[in-house]
Amino acid sequence: MEISDENFRVWAEKNEVFFDGVFRLAGPDAYAPIYSLISGLLHEGHKQVTFNLTGLEFLNSSGINLLAKLTIEARKMGDLLLVVKGTNQHPWQAKSLPNLKKLHPLLDLRLA
């Protein structure tokens, strides 16, 4: 499944979710379809799920909140390894993504 508009695209391939573009959606309700897509993937029984954010240029505060909620959901599942791939090319990622480890200490954060 894929969710997109003129500024962003999010899609899943097997157990990896890709985020691409600029996410400036207006509040949590606007992110609900993306939450549903990813939450469904988390509950499919995979041993590992990867959020690939390397193509994500910008994420507003509502989007960061979405990542936090999904990280907590993954933590509650216990035996699911959550991997978050980011890039240092987008300064917000280097600043914000390490905070996800506070919510899920076993999260595997990979910034390149």
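Visitor: Why is Phe19 called buried?
Guide: The relative accessible area of Phe19 is 4%. Buried means under 20%, exposed over 50% and partly exposed in between, with a 1.4 Å probe and protein chains only. Phe19 is therefore buried. This is a predicted model, where local features need pLDDT of at least 70 and side-chain atom pairs count only at pLDDT 80 or more, while totals for chains, interfaces and linings use all residues. Residues are numbered from 1 along each chain as its sequence is written, and side-chain values use heavy atoms, leaving out hydrogens and water.

Visitor: What is Phe19 in contact with, beyond its neighbours within four places in sequence?
Guide: Contact means heavy atoms within 4.5 Å. By that test the partners of Phe19 include Ile34, Ile38, Phe51, Leu53 and Leu67.

Visitor: What makes Phe19 and Phe23 an aromatic pair, and a tilted one?
Guide: Rings of Phe, Tyr and Trp (its six-membered ring) pair if their centres lie within 6.5 Å; planes under 30 degrees apart count as stacked, over 60 as edge-to-face and the rest as tilted. Phe19 and Phe23 are 6.0 Å apart centre to centre, with 55 degrees between the planes, and form a tilted pair.

Visitor: How do you know that Phe8 and Phe23 are tilted as well?
Guide: Their centres are 4.5 Å apart and their planes make 35 degrees, which again gives a tilted pair. Phe8 lies in strand S2 and Phe23 in strand S3, so the pair ties together parts that are 15 residues apart in sequence. Strands (E, at least two residues) and helices (H or I, at least four) are DSSP runs, numbered from the N terminus. Phe8 is buried at 7% relative accessible area, and Phe23 is buried at 1%. One aromatic cluster is formed by Phe8, Phe19, Phe23 and Phe51.

Visitor: What makes a set of residues a nonpolar core?
Guide: Its members are buried Ala, Val, Leu, Ile, Met, Phe, Trp, Tyr and Cys residues joined through side-chain atoms within 4.5 Å. The largest such core has 29 residues, of which Phe19, Phe23, Ile34 and Phe51 touch the most other members. Its largest share, six residues, comes from helix H1.

Visitor: Why do S1 and S6 count as edges of the sheet?
Guide: Two strands pair if DSSP finds at least two bridges between them. The open sheet has six strands in the order S1-S2-S3-S4-S5-S6, with mixed pairing. Strands S1 (2-4) and S6 (108-111) each have a single partner strand, so one side of each is left without a neighbour in the sheet.

Visitor: Why is Thr50 called buried, and what does its side chain meet?
Guide: Thr50, in strand S4, has a relative accessible area of 5%, so Thr50 is buried. Its side chain makes a polar contact with the side chain of Gln48 at 3.4 Å. A polar contact is a pair of N or O atoms within 3.5 Å; within protein, one must be able to donate a hydrogen and the other to accept it, and residues adjacent in sequence count only if both atoms are side-chain atoms.
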